[in-house]
Amino acid sequence: MPDIPSQPPLPPDQKPGGEDGDGVTTVERVPQKTEPPRLYQVLLLNDDFTPMEFVVMVLQEYFRHDLDTATQIMLKIHHEGRGVCGVFTKDVAATKVELVLAAARRAGHPLQCIMEAA
Ligand code: TYC
């Protein structure tokens, strides 16, 4: 015996997709809401002991700034107390902070590097 459906079929124009009885299957495209990733600034803080040349090297090697830009950023930090090295996604920013701190400690400098939500 064939099954008797408990509900009458929806009219074709009320269905979100599927087979409308015409032999054609339609697939509904649901737009995906993907938020852009949050960004984080990596900053260097001034201190009285880390040599300027070391800070310039850090800005070149870890943040890919050219010598001129690295020198300008270093001087800004020296005069204003802090400065932005770059803006990154969370994981990249955290890795940069770790690498910079490790390099500074290896070299015996007290340089501080932090990240902040941009
Ligand atoms: N103030 C340091 C000096 O006079 C230089 C310096 C610049 C240190 C930037 C840290 O993030 C820094 N030697």
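Biologist: By class, which residues does the shell around the ligand have?

Modeller: Seven nonpolar, three polar and one charged. Here Ala, Val, Leu, Ile, Met, Phe, Trp, Tyr, Cys and Pro count as nonpolar, Asp, Glu, Lys and Arg as charged, and the others, Gly among them, as polar. Bear in mind that this is a predicted model: local features need pLDDT of at least 70, side-chain atom pairs count only at pLDDT 80 or more, and totals for chains, interfaces and linings use all residues. Residues are numbered from 1 along each chain as its sequence is written, and side-chain values use heavy atoms, with hydrogens and water left out.

Biologist: OK, which residues surround the ligand?

Modeller: Leu44, Leu45, Asn46, Asp47, Thr50, Met52, Val55, Met74, Ile77, His78 and Leu111. Each has a heavy atom within 4 Å of the ligand.

Biologist: And which element supplies the largest share of that shell?

Modeller: Helix α2, with three residues. β3, α1 and α2 each give at least two. Helices (H or I, at least four residues) and strands (E, at least two) are DSSP runs, numbered from the N terminus.

Biologist: What lies 2.9 Å from a nitrogen atom of the ligand?

Modeller: An N or O atom in the side chain of His78. A backbone N or O atom of Thr50 also lies 2.9 Å from a ligand nitrogen, and for Asp47 a backbone N or O atom is 2.7 Å from one. The protein covers 89% of the 350 Å² of accessible area that the ligand has on its own (Shrake-Rupley method, 1.4 Å probe).

Biologist: Switching topic: how many residues are in the largest nonpolar core?

Modeller: It has 23, and Val42, Leu44, Val58, Leu59, Phe63, Val100 and Leu111 have the most contacts inside it. A core like that is a set of buried Ala, Val, Leu, Ile, Met, Phe, Trp, Tyr and Cys residues joined through side-chain atoms within 4.5 Å. β3, α1, α2, β4 and α3 each supply at least two of its residues.

Biologist: What is Val100 in contact with, leaving aside neighbours within four places in sequence?

Modeller: Leu44, Val58, Tyr62, Phe63, Leu111 and Cys113; contact means heavy atoms within 4.5 Å.

Biologist: Last one: why does Thr71 count as partly exposed?

Modeller: Because its relative accessibility is 28%; buried means under 20%, exposed over 50%, and partly exposed is in between (1.4 Å probe, protein chains only). Thr71 is in α2, and a polar atom of its side chain lies 2.7 Å from the backbone oxygen of Leu67.

Definitions and conventions. A polar contact is a pair of N or O atoms within 3.5 Å; within protein, one must be able to donate a hydrogen and the other to accept it, and residues adjacent in sequence count only if both atoms are side-chain atoms.
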